[in-house]
Amino acid sequence: MLAYSTYSEAGGVGKTTTAANLAVAHARAGLKPLVVPLDPQDGDLSRLFGVDSDRTQSVDNLVRHMIRRPSGDFEDLVRTVEGVDIVPEHNMLSDLAEYLQREKDQAEAMGEAFGMHAQLLRVLREAGVPDKYDVLICDPPATEGPHLYNAIHATRSLVIPVEPSAKGRAAVKGLESLVAGLEGQLDVEVGVLAAIPVRFKNTRDQRTILDEIDYPIPEIIGERASLMEGCWMQQCSAFEYVREIRDRRRDYEIETLAQFDRIARHLEQQVGIDAPNPPTPGDLDHEVLSV
């Protein structure tokens with residue numbers, strides 16, 4: 001299974017839209033992706049795909065499963081949109097650290113072990129996710145904490161959207177320290193599958209910053225604020241937005257969709273996955289075969 005977390009220390013670089021569009025790109029190729037967003041904020045992936053209606057309700061949710069108090073099966077949490085299975089975020093994520101610490105304290109009082117940062121991995125394994133899905137994508141918040149640590153422990157790999165700016169340069173430098181620290185803290189090896197520059201305007205300073213990035217760069221995405229804002233307004237992926245909602249198909253937006261397709265193929269190749277029905281990159285009329 002291909003597993004990765006989309007992550008950047010810098011906010012506002014399109015981390016969540018990158019996760020959403022890559023998930024759809026995997027699904028377009030005939031693969032079965034599961035997305036586990038872990039951001040407690042309202043502007044999250046569940047909101048982007050319009051599956052966050054129960055986030056304030058007293059319903060079963062991922063946090064309950066992570067603290068070993070589920071009120072249903074993991075499969076019942078999943079919602080499917082655009083060929084992508086999603087575990088919707090819930091407001092209990094805001095207090096995840098407190099819930100995990102409380103469970104850890106109770107376990108230790110009983111002489112049991114409870115790894116606070118290994119609970120998402122446990123939940124996914126017990127639910128048979130590695131056998132049922134081809135791709136796992138986690139979308140944690142940018143801040144360090146149990147949301148991020150659980151995501152990285154479960155996926156062991158990162159995809160990094162990065163803005164080629166001074167702020168983005170600092171974020172990449174900080175990421176190297178973060179990865180080294182996480183490897184020691186979590187006792188796992190963490191790899192970077194790709195860095196994806198966004199909002200690229202081909203200035204001299206931006207080209208200099210790109211030259212400093214040591215990670216694979218499969219594609220460089222230009223400024224696409226209108227396209228991405230449209231996705232949030234309409235609660236859908238860029239593929240759905242251009243195909244069904246946009247007033248006309250613009251060549252530069254079709255090329256952006258083709259880039260997401262090509263990035264998905266790059267990531268799949270890193271773990272030896274051959275997608276059964278890959279589209280011509282950017283082909284919006286490609287028939288998506290059921291998995």
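**Loop backbone, helix packing and ring contacts**

Asn202 is placed in the loop between strand E7 (191–197) and helix H9 (204–211), where helices (H or I, at least four residues) and strands (E, at least two) are DSSP runs numbered from the N terminus. The model is predicted, so that local features need pLDDT of at least 70 and side-chain atom pairs count only at pLDDT 80 or more, while totals for chains, interfaces and linings use all residues. Residues are numbered from 1 along each chain as its sequence is written, and side-chain values use heavy atoms, with hydrogens and water left out.

Most residues other than glycine have a negative phi. Asn202, however, has a positive phi near 65 degrees, and this residue is partly exposed at 45% relative accessibility (buried means under 20% relative accessible area, exposed over 50%, partly exposed in between, with a 1.4 Å probe and protein chains only). Arg156, likewise not a glycine, has a positive phi of about 65 degrees; Arg156 lies in the loop between H7 and strand E6 (157–162) and is partly exposed, with a relative accessible area of 28%.

Helix H4 (residues 96–109) packs against helix H7 (residues 146–155) at an angle of about 70 degrees, with the axes 9 Å apart, the axes being lines fitted to C-alpha atoms over the stretch in contact and the angles running from 0 to 180 degrees between N-to-C directions. The contact (heavy atoms within 4.5 Å) is made by Leu96, Ala97 and Leu100 of H4 together with Pro146, His147 and Asn150 of H7.

The charged end of Lys32 sits over the ring of Tyr133, 5.1 Å from its centre, the criterion being NZ of Lys or CZ of Arg within 6 Å of the ring centre and within 35 degrees of the ring normal.
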